[in-house]
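Subject: Structure for you to look at

Hello,

I am passing on a structure that you have not worked with before. Please open it first and then read the notes below.

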Amino acid sequence: MTGLVMVCHSLVPNSPGNLGSLLETVLPWTGLAVPVLLLAALFRRSVPAVVATLLLGAVWAAMFGSLYFGGRSDTGANLTVVTHNVSATNSDPAATALTLLAADPDLVALEEVTDEALPAYRKVLDRRLTHRVHIGTVALWSRYPITESRRVTIDPGWSRSLRAQVQGPNGPLAVYVVHLPSVRVGASGFAVARRDETLAALDRAVDQERQKKVLLLGDLNGATTDRALAPLTSRLTSVKDEAGTGFGFSWPAAFPIARIDHILTRGVTPTDAWTLPATASDHRPVAAGLKV
């Protein structure tokens, strides 16, 4: 039964309570069933149960094992990017900014930037990344010139998404910085309606993007295994899925269980992807090396 859930997760219905999306958000954790079932099989001294559990482990490894062998060298990368939901209640914005700069980034995208904390981020980041745009609660710092910028209206009630054109090392890049609405698990199930509405609007915006080279950075409040993200991930490549090693979970920072912070690309080559050390936020920063 556990194996069927792993392999056939896309068949788990999303009604009631969006159970399918919830399962897919934490899908890698289904592997925890393997050692539990193996111990039970050994306790019962059941050879068929041991064999069945080892087959289950093989199924999990086939699905997720490649994540531990898929990392690439950063040879050839000419752009390093970082995205971080810094949290509106971040108690040390300056230290957070220093943690991000330790990756020597060319682009830094921040979500949940408050007006009160913005000067602290600017004081640190402006020294190394001299071009900046800030719209609502999202912001982008760049080593390269930002030639234009505008708000991307995917959620009329919030201003937390922008598009900037960056004159990168080999020509222009369209850079989106996005923070989608939060999801909640409650008595009614996995509440994702508002996220999915803005996700559909974001997908339409990306579909209309004329620039060949595209980066999308931000907190999407969903894993790439979640079926709701499929329209977007069919257009854009997840750098973590393409070039990272491991699961790269980013939330919650104290004990990450899901990767909801993403770097997605089109028209560029991911060379590496990794997670940065925890900051005073409830998310961990994620970074990538790209050949653009």
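Helices (H or I, at least four residues) and strands (E, at least two) are taken as DSSP runs and numbered from the N terminus. The model is a predicted one, in which local features need pLDDT of at least 70 and side-chain atom pairs count only at pLDDT 80 or more, while totals for chains, interfaces and linings use all residues. Residues are numbered from 1 along each chain as its sequence is written, and side-chain values use heavy atoms, with hydrogens and water left out.

Backbone angles

Most residues other than glycine have a negative phi, and most peptide bonds are trans. Ser 87, in the loop between strand E1 (79-85) and helix H5 (93-101), is not a glycine, yet its phi is positive at about 75°. Ser 87 is buried, with a relative accessible area of 8%; buried means under 20%, exposed over 50%, and partly exposed in between, with a 1.4 Å probe and protein chains only. Asn 18 also has a positive phi, near 55°. Asn 18 sits in the loop between helix H1 (2-7) and helix H2 (19-25) and is partly exposed, at 21% relative accessible area. In the loop between H9 and E12 is Pro 252; the peptide bond to Pro 252 from Trp 251 is cis, with omega near -10°.

Strand E7

Eight of the nine residues of strand E7 (residues 171-179) are buried. Strands count as paired if DSSP finds at least two bridges between them. E7 pairs with strand E6 (residues 161-168) in the antiparallel sense over eight bridges, and two residues separate E6 and E7 in a hairpin. E7 also runs parallel to strand E10 (residues 214-219), with six bridges, and His 179 is opposite Asp 219 in E10.

Cavities

There are two cavities of 30 Å³ or more. A cavity is a set of points on a 1 Å grid over the protein atoms alone where a 1.4 Å probe fits but cannot get out, and lining residues have an atom within 4 Å of a point. Grid points are joined across faces, edges and corners, and a volume is the space filled by probe spheres set on the points.

The largest cavity has a volume of about 90 Å³. Of its 13 lining residues, Val 239, Lys 240, Arg 259, Asp 261 and Val 286 are the closest to its centre. The second largest cavity has a volume of about 40 Å³, and its lining includes His 179, Trp 158 and Thr 198.

Regards

Methods:
On a 1 Å grid over the protein atoms alone, a cavity is a set of points where a 1.4 Å probe fits but cannot get out, and a pocket is an open set with protein on both sides within 12 Å along at least five of seven lines; lining residues have an atom within 4 Å of a point.
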